[in-house]
Each structure stands twice: as C-alpha cells, then as structure tokens.
Amino acid sequence: MPEELLKIEDLRTVFRTEAGTARAVDGVGFTVGRGETVGLVGESGCGKSVTALSIMRLVTDPPGRIEGGSILFEGRDLLGLSEKEMRKVRGNEISIIFQEPLSSLNPVFTCGEQIREAVALHQKLGRRASKKKAIEMLRLVRIPDPEKRYGSYPHQMSGGMRQRVMIAMALSCQPKLLIADEPSTALDVSVQAQIIELLAELSAGRDMAVLLITHDLAVVAQIANRVVVMYAGAVVEESPVVELFDSPAHPYTKGLIDSLPRLGQRLERLPMIPGNVPDPFDLPEGCRFSDRCRARFEKCATEPPLFDLSGGRLARCWLCEGGGG
Amino acid sequence: MSGGSFFWSAGWARFRKNPRAMAGAATILALYLVAILAPVLTPYDPVSHGDLPEMRHQPPSREHLLGTDKFGRDVMTRMLYGSRISLTVSFLAVTISVVLGSIVGAVAGYTGGIVDAVMMRMVDALMSIPRLFLLLTCIALFSRSLLLVTILLGATGWMGTARLVRGQILSLKSREFVSAAEALGAGSGRIVLRHLIPNALTVIIVSATLRIGLIILGEAALSFLGLGVPPPTPSWGQMVYEGREVLLDAWWVSTFPGLAIVVTVVAYNLLGDGLRDSFDPVQFT
Amino acid sequence: MSILAAKGLKKYYRSQGGYFLRGRQFVRAVDGVDIELKKGMTLGLVGESGCGKSTLARLLLRLEEPTAGTLEIDGTDFLALRGGELRRARRKIQMIFQDPYSSLNPRLTAGSTIAEGIKIHKLARGAGVERRVVELLDKVGLPRAAYSRYPHEFSGGQRQRIGIARALAVEPDIIVADEPVSALDVSVQAQVINLLADLQSDLGLTYLFVAHDLGIVEHVSDRISVMYLGRIVESGPAVELFSLPLHPYTEGLLASIPSAKPGDRVRVAISGDVPSPVDIPAGCAFHTRCPKAFDHCSTETPQLREVSPGRYTACWLHVD
C-alpha cells in the first residue's frame, strides 16, 4: 500500500432545491495513495462527480453544499482552507479534467496559448520559455505536429485532440493528483483507447496519482490499481482491481460486471439488474440497493455498514457480515 | 388540449414564491378592478364640463382628491375611466400583434427554405421603418378613432414576436419528438398545433406580457402628440398632453396620469419577468 | 425475404459558406449505401461519430430526403409516395431515438404520446384507444399508472420504454433503433436490449440497430454492417465478422473495445481521429489511419464486393 495522498472521510454534500434535498454524497470515504490510480465507478446520479467537485471545492453553492466530513490532502483538510489557499491547491497540486473538453476551453484563445498561460502561471516562466514548455506539453500528450497545432483554436480540433489539450493543461502544473471525470466518455471508440493509454503512461511516468471517475467498469479494468464503487451517494464496495473482477463482493458490483458485453460470447439474453437507479431526492430505506437486489433478505431493511473483508476489500452488504464473501 | 397541467402547476408554484412578480400581478388585477368599478368609485362624470370658471384647475382637495383640469373635470374620475381605455387598447393591441406574430413566425419557422427567407426579409424590412413614423402616416390617412389606434398599435408591433416564435419553432423542430411524430404519419397541422406551439406557448405569453407595457407607452405617446384617442374620451396619454401647458401652475393635471402610466408599465414588466423566470421551458429540458 | 431494400442512397449537405467561399463544398454524410433488411432479422449498423449512420437511419424513414438512390419497403417504392399516401405508409417503419429526453414531448402524458399513432391511423376508437395504450404499456413493462404521467416523472430507461411503445402502437414491420441504449445507465442498458429482443420474437419485427460500438450490437444482430465516413466498409454475418474481421477498420474497432479483464490493456489499434466529413480523404477514406495501407489505397476508392459467400468488404487487401 503506497503512502496516503488523499484521504476522504464521511464526506456529505447535499443539494437543496425546490424539489427537496438531495443527499448526493452521503458519507463517502476512501483513500488515494501516492502515484496510485483509483477508479471511482458508478451510474448517473450515484454522486461520483459531486465527490470530485467536492474535492476541488467546486460545488456550486447554492444549491449544493458540503455539509460535513473531511478531505485530507497530504494531511491538510481541504475543507478548512480559505478560498485563496484552495486556489493554490487547485492550480498546483490537484488538477481536474472533464468529460466535455470543448466547454472547458476558451474558444477565443488558441489551445497553445491556453497551455502557455497555465505553464507561465504555475512555473513562473517568461513568455519564450513558457511557449517552449507548452509545445513540449503538446508533444507529451502526443499531439502530432505540436509547433503547428500550438496555433489551433479549440473548434479546429477534434474531440480527442481537445481532450489531449485539456490533459496537457492539467499536467502543466505537475499536480500530485489528477482527477479525470469521464475523460473518454464523449469520445469515439477508437479514440477512447488512445486517451486511456495516454493517461496510464503519463501517471506512471511522473508518479502522479489519478482518480478516474467513470461509469464504465471496462475502462477501470484497464488502468486502475484499486476501485471504489458508488451507488446512490454511498460507497458500496472498495477493492483492488483484480479481486474486484474475480470475485465481486457486492451484488451491485456483480451485476455491473455481468452486464458488460464480452466479445465472442453471444448470449440470448444479457444479464441485467432490474429496476432503476433510485432518485437522490427519495432514497430507499435500509440498503439502498435492496429493491433491485436478487439476494435481498430480511436484514436488508436496515442499512449495512461497510464490512472489512481483509486484503484491502470493503463491502456494504449484509452478505459480507463477519468477513465472509 | 390534454397535457401540460403539471407544467402550469409547477410554474405557478415558482411564480407564487416570487414577491416582485406577485406584486406586479396584484397591481394589474387592482387596475382591472378599478377600471370595471369606475362608476361606483367616483360620483363625477369624466366628460361633462364643470359649470363655473372657478372650478377649473383646482388643486387636490377633499372634494377633488387629485384636483380638476382646465374644464373643471375631476382628474381622479378621468383617470379611473382612462384606465379602461389604456387597459383595453393595450390588451386588444397585444392580442392582435401576438396572434399575427405567432402565425407568421410559426409558418416561417416550420416551412423553412424560401418561404422562411422571404417572410423574414419582409419582417426585417418592416422593422427598419420607424414605428412612430408608420403610425403617424396611417393616422394621417384615416380618421382618428379608438379602434384605429388599437389596430395600428397591434399591427405595427408583431415583428418582434414573429422572430421570437420562429426561433423557438426552429429549435423545437430539430427535437426528436417532432421527428417521431412525423414518422408516425402526423400531418403538418398536427405537428404544429400539438408539438410545436404548446412548447413555444410560455415564451409567447411572456413576450406578450412584456410587450403590453410598450403598447401602453405607445398609446400614451400618440395621445401626447395629439394623435391618439380623440377627446373628450379620457386616456392617460391624452391627460398628460392636456396638462403640459399648465405643468407649473397645475402640476396635478399631468403628474397623476403620468404616474399611472409608470405604475402600470412597471407592473406589467414585473409580471412578465416573473412569468419568464417561472415558466421558462429551458428549465425543463 | 427482403422487406427493405435501399440502393445507392446518398445524402449530401451543402456546408456552411459553400455558396461564396471556394465554390461549392458538400458534406457527403451518406455516400452511396446499399442496405437490405430481411424479414424478422436484425441488421446491426456500426460506426463512429460523423460516419453517417444516423443520417442513413433518417433517410430510411424519409425524415430526410435522399440526394440520390432508391428505397423499397415491402415491395413499394417508398420514395415515390407523396402526401397522404406517404403518411399512411409510414406505419410500416418506425424509429426509436437515442436521447430519451428530447424524444418525448414534455407537454404530453405517456398515454397521449402512445395514443397519437393509434389516433392518426384510426387503429382503434373511443375506449378502444385507451385499452390499446394500456396493453402497450404492459408490453414494454411499464405500470398502468404511467398512463397519465409526464415525461419528466420517468427515468431515462422508462422514457425509452415509452418511446418503444409509441413506435409499436402503429404495428410496424420494421423498427430502426438509433443508439437506443447509449444514453442509458449501464445497468438499464441490458433491460432495454432484452426488451427489444423479446418484442422481436413476439411480434416478428425486423430491426435495424444503429450503434457506435460493436460490443452492444454483437448480442442483438444477425448481420452487421460497419460504416466509415458515409460508406459501408464491411458487412457480414455477426458471428463471422467478430471471429474474422476483413476490413482493418473493423479489426481496429474490435480491438478498441476494452475487455473486462484487469490489466488486459487495450492496444491502440487505430491511430488519430475520424477525419471531418467535409474533407474526406481521397481514395480509401480510411487510409490515413490504416496500419495496413499501401500506395494504391490513397489513389483509388475500393468498392464493396463479395469476398466470400455473404461477406462483403471494401478494401484493396481483399482484391486479387
């Protein structure tokens, strides 16, 4: 187990709207070690993106609000920092990239210029040096012909290229942690693989931890060391990646893994999880997955804690009580 | 038409929580009540002249709360009756302009192509003519009457609505539910009436509400130029016009109707803004 | 037996600024596609963004008019139909859309949405309409209470079921499903796919299943066609196409699907991005990204031809 870089404990983020209060993140806790790649997996509305925004303290308030818990980054609680101190952390120590790179890039500046600005800001370099560095960054993220591409505007680039630019910008300050929120979801299949490979190489090359947020377990299987599975605002399972796929402990995780398409195995019917993801404004009583779970029994009417299954594995399911799998 | 009851009730719930919008709505409601109840609220006649010269230009007093004008008529009475003119003219004129604008906008937006291009260039051409100039020309051609003023105010104000509705229809047309209706074999009439217009309705209503204020101002401006509602019918613009010569000696003759115009326009704008915030379809898609 | 046959379908759009700048520029969204649907079977149509698969789907329903080509549905020339004739014939082919949010009119209840087609084609009257709608709700696995609810009250998967019921209401022969599950949660995708499979065996429907990744279509398709920049580059029986892809693009797509085995890293099989459809490379459109391209590929466009029985590909590697 590598040294702890990020430690989240009992994080609670709520959204108060006219429709009621949504407990989007409801007591989430996990750690990310130095240089480690952790996959944070879940379906829409499970709170994985809100967790990411909470770490960056970018939750829009109102309606969102971080109500409790702690986010320790190298021992400092990010929730206790002033906005000014937090800006420093955001720039220099933690970076984030989003699903849709087009909306994260400024359309009136060239991509190169935007990277150069980030480099100049964080590394305190002059104009010429920072431009050279920016071109180097473009080369690092495998943009062909970086000198020429330096002058391209975001709309002149394809989705894959734009995501590379975003990654280059995020890396320009040499962060210790990169949060990647669905970095490949909006991209074409053939380009997805390229971006995932790029992320894997970059994190290995510079000892940077990655928190990879995605709905796609297959992407996580590619590059994560450990996986945290979220459902309806809570962590339901945490495990090293190999064990998770070999023997998922939580029925939800098992359902997700089963519903992945496996090439060359044509099935009459796809394995499926019945029902729908619960409404965050109206979470079910007891175990939140119980109304969709085939293995439910009487105990599921009360909410299970996260049981420790040893070997770095945790699962929030009564079936795992007493460490049994 | 079935459908939409949720939509209205959710919007209404938002609207009720907006104090400015509620204030606007209450003011307008009060204005309409006053207009209807005018004969009950005042003992005087709005048109007939006072008998004695000393009745003219009386300052506000117990008998005449807002004073009298140059013919000795009670200013408050004329304002109460004047609200009937302002409210009716603006309501009818806005109805005319919204119906015209929606038809033109919907036809142009739905048909597209050359029809759209020709219609929208016509709208652009009409918009480039100063409105007051258009109004003055028409009034000079025909004899002045209440009906003419109403129709003219309506017929010269629909272009903005047409553009707005066309934009809405264009964006709705590319939505998949419209493709689905087309694939089901729905005809153009059904698609426009069932799928396009209902989804553009809130935008149309909001724009109509905001436009009423402009039309009241337009009527006042025409009256102030002496080209609006013919005297002795009381209209607020007319009253401001009549009082302008004696503004320093008998300030009440112009000031109170002027205030009435301001209050009404502000109330309609508050209502319109409130409606937009509460019913803007963007929040639902 | 063929129930739909399209030959040489083309759809060109004039690109913006094309009137004055650099003469005329066209986006060749669909550039000469032949497609055949066999009764009761499923054809999977796969391709990445901008390959023209959605445009092709809309052409088959005549939601767009083709620039060229022929389209026959159930023996009638679909492109020759006009006005009322066309509206009546539209019953035969229906579509399920990608976006469960934009595909339902927010002002209509699920009941009115499903009833619309029944009313248009007068398939039932009076209380019969309501009975039929309830029957359809049942069929797609929605509760009766859904009848009077509005789209915003449903989850994505449930909305997609409403869209399916709307399409079924007019008793179509063919259903074109344009990425019907790509906007849904992973756990819900399988539900919708299984529902579509059940409906097919119950009602003898013919499907065209459009998707951007091969993983989904494998389970549902009898045959698969792969599209790249407006053309079909490979077509064949699903099982064979997966076990032995002929076109390098198909091969690359297959390799790009991440497997669920930890540590089993995808090898990047296709480099670069999909070129813009305004500026399609000369010769074989794929040669700029193809690991096996040779000189000939950049000069002449390969045509789709039958390489072995039932298997077609447009690649110079497979021309003797």
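Modeller: Two strands count as paired if DSSP finds at least two bridges between them, and strands (E, at least two residues) and helices (H or I, at least four) are DSSP runs, numbered from the N terminus. One thing to keep in mind: this is a predicted model, where local features need pLDDT of at least 70, side-chain atom pairs count only at pLDDT 80 or more, and totals for chains, interfaces and linings use all residues. As for labels, residues are numbered from 1 along each chain as its sequence is written, while chains are lettered from A and ligands numbered from 1 in the order in which they are written.

Now find Glu72(C): its bridge partner in strand 5 of chain C is Asp77(C). Zoom out and you'll see an open sheet of four strands in chain C, with the order 2-1-4-5 and antiparallel pairing. Its edge strands are strand 2 (26-38) and strand 5 (76-77) of chain C, each pairing on one side only. Helix 1 (residues 53-60) of chain C packs on this sheet and touches strand 1 (2-14), strand 2 and strand 4 of chain C. Touching, or contact, is when C-beta atoms, placed from the backbone, lie within 7 Å. The direction of helix 1 of chain C makes about 120° with that of strand 1 of chain C; such angles run from 0 to 180 degrees between N-to-C directions, with axes fitted to C-alpha atoms, for helices over the stretch in contact.

Chain C also meets a neighbour: 39 residues of chain C are in contact with 41 residues of chain A. On the chain C side, helix 6 of chain C gives the largest share, nine residues.

Technical notes
Two residues are in contact if their C-beta atoms, placed from the backbone, lie within 7 Å.
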